[in-house]
Amino acid sequence: KIYGKSNIKMNYFKNKTILITGASSGIGECFANTLNKLGARLVLTARTEKKLEEMCKTMNNATYISGDLSDKNFSNELYDELKNKKITVDILINNAGFGFSGLFLDSSINNYKEMMNVNMYSLVSLTHLFLNDMVENKSGGIINISSLASFQPIPYFSMYAASKAFVTSFTLGIYEEYRELGIKVLGVCPGYTKTNFNKRAQMSSQPVAGYLMSSQEVVNESLEAYRKGKFLIINGKINRFAKAVTSLLPKKISLKMSKSIIRKGMNNSQW
């Protein structure tokens, strides 16, 4: 369901050219399907070329450029290809991201390097490239997909939470820098969402009571928040409550609490 409580205005995204990273699954795929129905012109990117090709065949006005954002060169290659095709991006959705669960030493430094390239470097690089055009055109916007994890250091997700803390901080900073120029910048902070992220993070898709949201719910809330010009959204009432509670606790207590919750979830094959 696209409409309903989210009340997305049908015409707001119509004919806007929107670039979505990590568009082949999860929240990114849901953004693509929803915006297609809202009449947007889409540019989709992800590693899985076959899936992107299949998606574009079912859409009204969509093209794709496949590539791996863990490769630091791909951001520039993507930008240059769009320039060559004379495609001007109105909205950039930096959705691509992944993480690893478990003890810090359980994953190799190469895995962490790849994660930092996707979660942070590519997001900054694409923002730098496309924001420059938006400022020149005095129009445009950026949606950066962060996480509820960005507000709290999380044992067993240490690197992921740290990378998302960077995303949230960076997003709020550039929002304030460019808001007076008419550029919209929104940080989106979902909680536990049922997506393919779970597989790559070595997590199951079993719901964690009270926290699981669908990708569609996240997308609906996020698009409406962007339309209204908000700069930050924590998706879901329970997640907003959880963030408020943990922010009031002494850091030592909140760390112990998050460690206990995550470890219990791992023992129950939920994380």
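Trainee: Why is Cys-30 called buried?
Mentor: Cys-30 has 11% relative accessibility. Buried means under 20% relative accessible area, exposed means over 50%, and partly exposed lies in between (1.4 Å probe, protein chains only). So Cys-30 counts as buried. This is a predicted model: local features need pLDDT of at least 70, side-chain atom pairs count only at pLDDT 80 or more, and totals for chains, interfaces and linings use all residues. Residues are numbered from 1 along each chain as its sequence is written, and side-chain values use heavy atoms, with hydrogens and water left out.

Trainee: Is Cys-56 buried or exposed?
Mentor: Cys-56 has a relative accessible area of 13%, so Cys-56 is buried.

Trainee: How many disulfides are there?
Mentor: A search of the whole structure gives 0 disulfides. The test is a pair of cysteine sulfur atoms within 2.5 Å.

Trainee: What makes Asp-133 and Lys-83 a salt bridge?
Mentor: The rule asks for a side-chain nitrogen of Lys or Arg within 4 Å of a carboxyl oxygen of Asp or Glu. Asp-133 and Lys-83 meet at 3.5 Å, N to O. Asp-133 sits in helix H4 (residues 109-137) and Lys-83 in helix H3, so the pair ties together parts that are 50 residues apart in sequence. Helices are DSSP runs (H or I) of at least four residues, strands are runs (E) of at least two, and both are numbered from the N terminus. Asp-133 is buried at 15%. Lys-83 is partly exposed at 42%.

Trainee: How do you know that Arg-227 and Glu-224 pass the rule?
Mentor: Their closest N and O atoms are 2.7 Å apart, and they form a salt bridge. Both lie in helix H7 (residues 215-227), 3 residues apart, so about one helical turn separates them. Glu-224 has 8% relative accessibility, so Glu-224 counts as buried.

Trainee: How many salt bridges does the rule give?
Mentor: The count comes to 7. Lys-85 and Glu-81 form one of them, with closest N and O atoms 3.5 Å apart. Lys-85 is partly exposed at 42%, and Glu-81 is partly exposed at 31%.

Trainee: Why is Lys-86 called exposed?
Mentor: Lys-86 has a relative accessible area of 74%, so Lys-86 is exposed. Lys-86 lies in the loop between H3 and strand E4 (91-94). Its phi is near 60°, a positive value in a residue other than glycine.

Trainee: What about Tyr-156, buried or exposed?
Mentor: Tyr-156 has 13% relative accessibility, so Tyr-156 counts as buried. Its phi is near 75°, again positive in a residue other than glycine. Tyr-156 is in the loop between strand E5 (141-145) and helix H5 (158-178).
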